[in-house]
Structures are given as C-alpha cells and as structure tokens.
Amino acid sequence: MEEETGPITDELSKREIAEYKKLIERKSFDQIADIKQAAALGRVDQFFIATSNLQENFGENPEEEYDWRQVLNTTARDVLRNSGDVFVLDQDDAPGEKSLYATLRY
C-alpha cells in the first residue's frame, strides 16, 4: 500500500511546498526579534522554522545553542497559543529558503 501511495504523497508534498513558497509575497518577517514581538501580540498566522536551526552541537557555546532553541520554542508556543500554525521544514522547502519566516494576519 505504501508503495502505491508513495507517488501521490510525493505530489501532494510538492504542491504544499509550492504553496509555502508563494507566501513570500505576503506581509511577513524573517528576523527573530520581529517574529517574537508579532507572535506575542497574536499577529503571526504561520511560522516557518528551517531544520538548519535545529542542529545539535553546531556552535562552540552550548549555552547559546540552548538559548536559541528556547527562543524558538517560546516563539512557536506563542504562535500556537494565538491560533497560528508552526511548520518545521527543510531549508530548501521554506518560503524564500529563509531559515526563519513568519506570515502575518494583519
């Protein structure tokens, strides 16, 4: 069954990613400071996080890496709490291939 549905699933994934890439035309932020503020105010409709932000041990200072993950977690929680959506995507699949991206409601 998985073998037969594989092509369908792949096609649906491609279409969904194409829709994400169109979001680059909407009012948006791609800097964490702006995204955090908008998320806390309930203005973020969709928050995209590229997997490049989630790599283990990529920095020389594990404390900073932990803080970065906490910022992402807190921001994602604020988006979800205010009825927004959070997506974790490969860098190539993210809107504009940005590592962080948020579309706004208004």
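Biologist: Are F48 and Y101 buried or exposed?

Modeller: The model is a predicted one, and the label rests on relative accessible area, with under 20% as the cut-off for one class and over 50% for the other. By that rule F48 and Y101 fall in one class, and both are buried.

Biologist: How are the rings of F48 and Y101 arranged, stacked or tilted?

Modeller: F48 belongs to strand β2 and Y101 to strand β4, so their pairing ties together parts of the chain 53 residues apart in sequence. The ring centres lie 6.5 Å apart and the planes meet at 45°, so the pair is tilted.

Biologist: How are the rings of F48 and F87 arranged?

Modeller: F48 in strand β2 and F87 in strand β3 (residues 85-89) are 39 residues apart, and their pair links distant parts of the chain. Both residues are buried. With ring centres 5.0 Å apart and planes at 15°, a value under the 30 degrees that the class requires, the pair is stacked.

Biologist: Which residues form the aromatic cluster?

Modeller: The count comes to two aromatic pairs. One cluster is formed by F48, F87 and Y101.

Key. Residues numbered from 1 in each chain as written. Predicted model: local features only at pLDDT ≥ 70, side-chain atom pairs only at ≥ 80, totals over all residues. Heavy atoms only, no water. Phe/Tyr/Trp six-rings, centres within 6.5 Å; stacked < 30°, edge-to-face > 60°. Helix = DSSP H or I, 4+ residues; strand = E, 2+ residues; numbered from the N terminus. Buried < 20%, exposed > 50% of the residue type's maximum accessible area, 1.4 Å probe, protein only.
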